[in-house]
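Dear colleague,

I am writing to hand over the structure below for your studies. My findings follow it.

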Amino acid sequence: MSALFTPYRVGSLELRNRIVIAPMCQYSADEGRATDWHVIHLGNLALSGAALLMIEATAVLPEGRISPDDLGLWSDETEEALGRVLEIVRCYSDMPLGIQLAHAGRKASTHAPWKGRGQIRPDEDRGWQTVAPSAIPFAEGENPPVALDQDGLAKVRDAFADAARRSARLGLDAVQLHAAHGYLLHQFLSPLANRRDDEYGGSLENRTRFPLEVYDAVRQAFPAEKPVSMRVSGTDWAEGGWDIDQTIAFAKALEARGCSAIHVSSGGMTPAQQIPVGPSYQVPLARAVKSATSMPIITVGLITSYDQAEAIVGTGDADLVALARAIIYDPHWPWHAAAHLGGTVRAPKQYLRSQPGRHPHLFDD
Ligand SMILES: Cc1cc2nc3c(=O)[nH]c(=O)nc-3n(C[C@H](O)[C@H](O)[C@H](O)COP(=O)(O)O)c2cc1C
């Protein structure tokens, strides 16, 4: 019996196996509105046989977009555009769909990767003034963010809750809050970006306060039986930054509030980071959080081979594995993993005849 193909449950969410599609920005929205690209991209991934498809970082406010081309969910127009995409995807796939709600903070207003990534300054075409916990830029020479005041914090918190309500209206099965990769909620957590001297900065308790408030607001706004999870960076991989001990303390605080799961990634806070990149390099971070809490734990990062994923779940390092680049490279990765490990996957009826003769029971009903 394959561990990777053993069903799992998170709240009311029934997962057919342990493979999650990690959120991946597409920089292909039109003023926050999902486009035909999202129909093709999400439609493709929804046929992959994974257990859960997480929609890319979706900005809760226009100024929270990483780039001007990011997906958003802050208005009736953006909600309607995503609704159209979901309606089409759901015609052909019953894969559960979750969404990652995000605010980029000081890492907002940048060019899409294929346009060079760098910051777009507020006085440049399509750029805007960024906000953050403190007026410290991500990289030297960048236009600094404006530190959020009490009204600014309330606006962001309400926007997350509002986007969660819109997600519920769209029938999405799960919400994940993006508190990783150096974006706004992570900026509150990390001493490298948060130098506030009010109740949102300084001690660990103060630095976790705003992300926990956002979690509470979203939890209240999203149906109680549906999961709300948090994606964190387990460490900044930098001197004086956020680390695994602080992550564990934050995870315990989330668990006490009923958080459904934690997705443990890493990095993204500072250009000075030193990441020991290699296969499964973030698994030890997930394992550390797993051994300190009893929440479902998702791991991610250079998980590419079927046996590697099987071993991670089988040894209990994490409950779920997330794939990003590997599943773009091979959108039927879960089919191939199932064939290799003796599992089964759900496939659309149009594709049933593609089942290889040597795997006559690959597709389940
Ligand atoms: C094209 C692309 C877009 C991404 N966008 C997001 C995102 O929207 N939100 C997020 O938390 N991580 C994002 N990531 C990071 C991935 O979710 C994942 O953590 C990372 O790629 C490591 O996993 P992998 O080795 O399986 O690719 C993105 C990665 C890629 C390659």
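Please bear in mind that the model is a predicted one.

The backbone of L302 places an N or O atom 2.6 Å from an oxygen atom of the ligand. In the case of Q100, an N or O atom of the side chain is 2.8 Å from a nitrogen atom of the ligand.

How many residues surround the ligand? There are 16, and the closest are C25, Q100, R231, L302 and R325. The ligand takes up the space of the largest pocket.

I also examined the aromatic rings, and the structure holds 7 aromatic pairs. One of them is formed by Y200 and F210, in an edge-to-face arrangement with 6.1 Å from centre to centre and 85° between the planes. Y200 belongs to the loop between α4 (184–189) and α5 (204–221), whereas F210 lies in helix α5. The two residues are 10 residues apart, and their pair links distant parts of the chain.

Yours sincerely

Terms used
Residues numbered from 1 in each chain as written. Predicted model: local features only at pLDDT ≥ 70, side-chain atom pairs only at ≥ 80, totals over all residues. Heavy atoms only, no water. Near = heavy atom within 4 Å. Polar contact = N/O pair within 3.5 Å; in protein donor to acceptor, adjacent residues only side chain to side chain. 1 Å grid on protein atoms, 1.4 Å probe; cavity = no way out; pocket = protein on both sides within 12 Å on 5 of 7 lines; lining within 4 Å. Sits in = over half its atoms within 2 Å of the grid points. Phe/Tyr/Trp six-rings, centres within 6.5 Å; stacked < 30°, edge-to-face > 60°. Helix = DSSP H or I, 4+ residues; strand = E, 2+ residues; numbered from the N terminus.
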